[in-house]
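The following questions and answers concern the packing of helices in the structure shown here.

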Amino acid sequence: GNLGATEIVVILLFFLLPVVLWIFAIVDLIQRQFQDQTNKIVWALVILLIPFLGSILYLLIGRKGGVRR
């Protein structure tokens with residue numbers, strides 16, 4: 001049947017939000033300059049292998065290690 005407002009909110013919170021967060025983390029990582037390229041590679045792997053948790057960890061911890069270009 002048709003989706004109600006509750007179902008749409010649940011879909012947005014549990015599916016769309018993590019995808020947007022993941023894309024934001026990847027774009028931010030690409031745009032940042034790290035002193036040690038190994039850190040950038042490790043964060044890329046964390047974000048790609050553990051998408052939702054990796055994105056949150058990067059945004060909370062990893063961004064501090066790089067400088068935005």
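Q: Which residues in α2 do W22, A25, I26, L29 and I30 in α1 meet?
A: This is a predicted model, in which local features need pLDDT of at least 70 and side-chain atom pairs pLDDT 80 or more, while totals for chains, interfaces and linings use all residues. Residues are numbered from 1 along each chain as its sequence is written, and side-chain values use heavy atoms, without hydrogens and water. With contact taken as heavy atoms within 4.5 Å, the partners in α2 are K40, W43, A44, I47 and L48.

Q: Is α1 roughly parallel or roughly antiparallel to α2?
A: The axes, lines fitted to C-alpha atoms over the stretch in contact, of α1 (residues 5-31) and α2 (residues 37-49) come within 11 Å and cross at roughly 170°. Angles run from 0 to 180 degrees between N-to-C directions, and those over 145 degrees count as roughly antiparallel. Therefore α1 is roughly antiparallel to α2.

Q: Which residues of helix α3 are buried?
A: Buried means under 20% relative accessible area (1.4 Å probe, protein chains only). The buried residues of α3 (residues 51-60) pack against α1, β1 (32-34) and α2. They are G54, S55 and Y58.

Terms used. Helices (H or I, at least four residues) and strands (E, at least two) are DSSP runs, numbered from the N terminus. Angles under 35 degrees count as roughly parallel, over 145 as roughly antiparallel, 65 to 115 as roughly perpendicular and the rest as oblique. Buried means under 20% relative accessible area, exposed over 50%, partly exposed in between (1.4 Å probe, protein chains only).
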